Amino acid sequence: MSKINLLPRQREDTLKFLKALKIFRYSSVLAMGLVILSALVVFYLHVQLPLGALQNTESSLLETLNIQKLKIAKLVIMHSQLKDVEEIFKERSVVEMALEEIAGTVPGGVSLSSFSVGLSEVSVSVSSTSLSSIDQFLSIMVDLAKSENKKLFKKVILNGATLDRSTNQYSFSVQGTLL
Amino acid sequence: MNKNASPGLSITSLILTKYRPFLIPIGVICSCFLLFLLVVIPQFQSYQEKDRESKEVRARIEILKSNLTLLQGIDDAKHDLDFQTSITALPSEKDFAGIINAISQASSKTSILIKDYQFQVGSLATQSAQEVSEKLSITFSLDLEGGIPQLRTYIPELYKTFPLSKVSEVDSQSTLSRMGVAFFSKPVPLENIRLDSPLAPLTSAEETLLSELHSFESGL
């Protein structure tokens, strides 16, 4: 069954025109409302920001601290100096330890003919007529590579052991690679 | 003939007559769109920027407050003494007189003769702000009369007189020893000090180190 339009053609166009106009009018009001609302929201957000008050607090705190600037500078410098002091103290303990642990514990009957500590190794030349004293000395050196609390070397090498038959004296040198 | 010559005119007159009631709503919609685009959005962006700035200022205020609390708890006299000790231990400039004095003082206290010494100077002045934070050193090569026992007494005495020295090399024969000693200094980085950087109190390790340095100082 086909539908029959009873309205005249012109009347139908006018109704469409008015409907479109109505939509445009409502849309314009809605757009205006949205812009006003969003502007108000942004304005409110701006107003409730405490930036000015915070900046005032910051500058008054800075003024107070500025009076104590010297004290701050001293504290900062102290931290920096002490950090370096600690580093130097740690680094220098190697030579002290080598001197104490090797030269300070040489068993009787062993004489140190030369001793040198470099950046990466310690080299000691010793001589003795007693093999047991030499054994004791070598044990001390090996302990410095094995011991947990006194560990100084990662490697210990025995170099050029010789025997002077006229004096019956054993001479050799030991090289320890520092950790 | 005239109608065909100016079609634009007929469209304009059509808009101005037939669609005239649409002009105001369209104008309002366009204006609102432009207002949103040119005013509301930039204002919102400016709000976000200010909000970020507020957060930064708030964080700085917290730092400043904690710095102030820390400073109020510091004993001025002890602070000055500690500072003096640390700056004496690691001087801000190369102290040649102090070094030579320390070498001879340690020598006279241990009665070990210094036969000869020579030194190598590193950079005399720092070139950039970055280098300011680096410590500088002068290395002295000392020839001492004596062997290992003399070295074992001389080195601790030197460390007491000039705590920030470091024996880097030792070469000892029975009656003659040579050692390389580095003496340190460090320029004070005054321009890097900011009030709004977080300050920390001295740690217990630093306090221990300071008391060790005090003992060196009082032993002089």
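1. Salt bridges: five of them turn up across the interface of chain A and chain B, taking a salt bridge as a side-chain nitrogen of Lys or Arg within 4 Å of a carboxyl oxygen of Asp or Glu. One to look up is B:Arg152 with A:Glu100, at 3.1 Å from N to O.

2. Ground rules: this is a predicted model, where local features need pLDDT of at least 70 and side-chain atom pairs count only at pLDDT 80 or more, while totals for chains, interfaces and linings use all residues. Residues are numbered from 1 along each chain as its sequence is written, chains are lettered from A in the order written, and side-chain values use heavy atoms, with hydrogens and water left out.

3. Extent: chain A puts 64 residues into the contact and chain B 72 (heavy atoms within 4.5 Å). The two chains bury about 6600 Å² between them, 75% of it on carbon and sulfur atoms; that area is the accessible area (1.4 Å probe) lost on putting the two parts together, summed over both.

4. Who does the touching on chain A? The elements giving two or more residues are helices H1 (9-48), H2 (51-67) and H3 (69-101), plus strand S1 (110-117). Helices (H or I, at least four residues) and strands (E, at least two) are DSSP runs, numbered from the N terminus. H3(A) has the largest share, 25 residues.

5. Within S3(B), B:Val170 is the residue opposite A:Val117.

Methods. Two strands pair if DSSP finds at least two bridges between them.
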